[in-house]
Amino acid sequence: MSNQNNKSIDAVIVGAGFAGIYMLYKLRQQGLDARVIEAGTGVGGTWYWNRYPGARCDIPSMQYSYQFSEDLQQEWEWSEKYATQGEILSYAEHVVERFGLADGMTFNTRVEASHYLETEDQWRVELDNGETIQARFVIMATGCLSKPNFPNIPGLDQATVPVHHTGSWPHEGVDFTGLRVGVIGTGSSAIQSTPIIADQAKSLTVFQRTPNYSIPAYNEPLDPDYVAELKSRYGEYRQENWQRGFGADFDDNDQSVFEVSAEERQRAYEERWAKGGLAFLAVYNDLVFDMKANDTAREFFKSKIATRVNDPELAEKLIPSTPIGCKRLCVDSDYYEIYNRDNVHLVDLNESPIIRIDGGVVVTESGHYEVDALVLATGFDAMTGAVMNIDIRGQGGLSLQEKWAAGPKAYLGLATAGFPNLFLVTGPGSPSVLSNMLPSIEQHVEWISDCIEYMNANQHRTIDPEPNAEEAWVHHVNEVAETSVYPGCNSWYLGANVEGKTRVFMPYLGVPPYVEKCQEVVAAGYEGFALTSG
Ligand code: FAD
Ligand code: NAP
């Protein structure tokens, strides 16, 4: 039952991940009354929920961190090249404490609805505790990868063994010692967790629908000399990264695969492989744009997988047939090597799909696999899932679910026409998941807070994208995607992992042109947006 107390504030921010934390900080700096509503019992978002064994970032920690405060980035010490989930969560908690933000956050509370009140130009936000908040602005900091995707497998909801989704992992941890464990999925979450589960469990059965490419992380403690050197030019370094395709320092090489000889290419691939990590994708400038260029890297990866897995038949099953990069490249610590262990088995679901879960048995077309625990590493309803989970209604009572039924439409991924004063952080149509997400979050939060400041300074009451500008942007996002290998496989970038979801390529490819476009729009007086006054 709704307890209408007509509290009216400047802004409701939904989510207390890195986006919500920084959004609250920025709006408070403007003297606004803003409140964060978070479903979890604490801050951190991704790093609060994904506590599965082995969870880490795959962008180096020195880059996967806030840059808005020089003091913060100088003070904070990362211990490893790729920080663990626990360390990243501590960092998020530290930021909240350091900037005194906790009193602006309500936890353990879910936003269920957000309805636009046209006569007042206000949003009425309904929470699952029955409270209602009225606010001028609503900012969806709900995350691109925050709604777990549960596979639609008959009998799963009646399993008699514990079932854990990697994206909603028990806080107390899970002890797999002596257990027969089944893991469904072979994306980044499975690739990070299975080596640790394999160490602990009596046996591990990995159920693979589509193999993924993975490159070693070669994670290591951070060298203090390297950290000192980077910190001596941190601001400058961060600026340089805005000019890089993914907004991260991947040591981008501006040469084409075909500008060099086969021998030189092999040497370059070996060098990148030896360094490990996502930077492999930037070894040449056309790897994710030209299929023939991509093929050369695929051949290289195939040979590497073959050397890591002893059984050639098994190695063959682990080699993807898709272009590299069209599903996010995974970064692992001894993933393929688990298949050399006697206690690890791969079940190829292409040969024999899962039919049902029968108590504690995973039943495929040709086999029965008894397990004591089941891990769903089945990913997320990405980019739109968390936003569409909320009953959002804009002008004329139009629901977002209706508006986005044929795929999400958002101008610059920041706002969607017909929903005035509602902003999206890293929404569909922005680089988001095709970038180092922390800088992208900061760029969006700053754009939104600057916009609100501009509106207040100029007595603007509402802002809303113009439908034509939005259509043109969505068209452009797809046009750019088509020049690349990204739309070439059934990835979550396209929504292909969720049954019944419309397939549309959602992120924008290219950080520098995107940031430039956002700046141009502002310089032209918020071009493509309609502003009302009063
Ligand atoms: P989130 O961290 O997802 O936070 C959103 C919050 O909103 C959640 O806490 C959620 O509970 C809350 N919420 C949602 N709906 C509601 C509602 N209706 N009511 C109340 N609260 C709600 N990106 C990188 O760039 N580099 C990496 O190395 C990297 N590693 C990742 C590893 C994993 C395991 C995953 C899943 C993602 C990773 N990402 C990475 C992407 C990551 O999601 C972002 O980097 C970033 O943490 C997102 O922050 P956010 O605040 O936008 O969203
Ligand atoms: P994911 O990449 O979407 O992988 C999900 C896996 O589950 C896929 O192998 C998928 O197979 C499989 N799957 C889904 N439904 C299935 C079903 N019904 N039956 C059988 N298999 C099924 O999810 P994720 O691994 O959680 O990663 C999501 C994203 O989060 C990553 O791409 C990355 O951006 C981020 N992440 C990053 C890190 C990191 O290294 N820092 C770690 C984890 C996650 P199909 O491919 O056939 O759909």
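## A sheet and a ligand site

Phe207 has Val347 in β12 as its bridge partner. Keep in mind that this is a predicted model.

Zoom out and you get an open sheet of 5 strands, paired in parallel and ordered β7-β16-β8-β9-β12. The edges are β7 (163-165) and β12 (344-348); each has a single partner strand, so one side of each is left without a neighbour in the sheet. On average, neighbouring strands here are turned by 20° against each other, direction ignored. As for what holds such things together, strands of a sheet pair through backbone hydrogen bonds.

Now to ligand 2. Which residues come nearest to ligand 2? Out of 23 around it, the answer is Arg56, Ser189, Arg209, Thr210 and Lys327.

| Residue | Part of the residue | Distance |
|---|---|---|
| Thr210 | N or O atom in the side chain | 2.4 Å |
| Lys327 | N or O atom in the side chain | 2.4 Å |
| Ala377 | polar backbone atom | 3.2 Å |

On its own, ligand 2 has 910 Å² of accessible area, and the protein covers 88% of that.

Who makes up the shell around ligand 2? By type, there are 9 nonpolar, 9 polar and 5 charged residues. Helix α5 (residues 188-200) gives the largest share, with 3 residues. By domain, the shell takes at least three residues from each of domain 1 (3-147 + 382-533) and domain 2 (149-213 + 325-379).

Notes: Residues are numbered from 1 along each chain as its sequence is written. Chains are lettered from A and ligands numbered from 1 in the order in which they are written. This is a predicted model: local features need pLDDT of at least 70, side-chain atom pairs count only at pLDDT 80 or more; totals for chains, interfaces and linings use all residues. Side-chain values use heavy atoms; hydrogens and water are left out. A residue is near a molecule or strand if one of its heavy atoms lies within 4 Å of it. A polar contact is a pair of N or O atoms within 3.5 Å; within protein, one must be able to donate a hydrogen and the other to accept it, and residues adjacent in sequence count only if both atoms are side-chain atoms. Accessible areas come from the Shrake-Rupley method with a 1.4 Å probe; for residues, only the protein chains shown count as cover. Helices (H or I, at least four residues) and strands (E, at least two) are DSSP runs, numbered from the N terminus. Ala, Val, Leu, Ile, Met, Phe, Trp, Tyr, Cys and Pro count as nonpolar, Asp, Glu, Lys and Arg as charged, and the others, Gly among them, as polar. Domain bounds come from an automatic or database domain assignment. Two strands pair if DSSP finds at least two bridges between them. Axes are lines fitted to C-alpha atoms, for helices over the stretch in contact, and angles run from 0 to 180 degrees between N-to-C directions.
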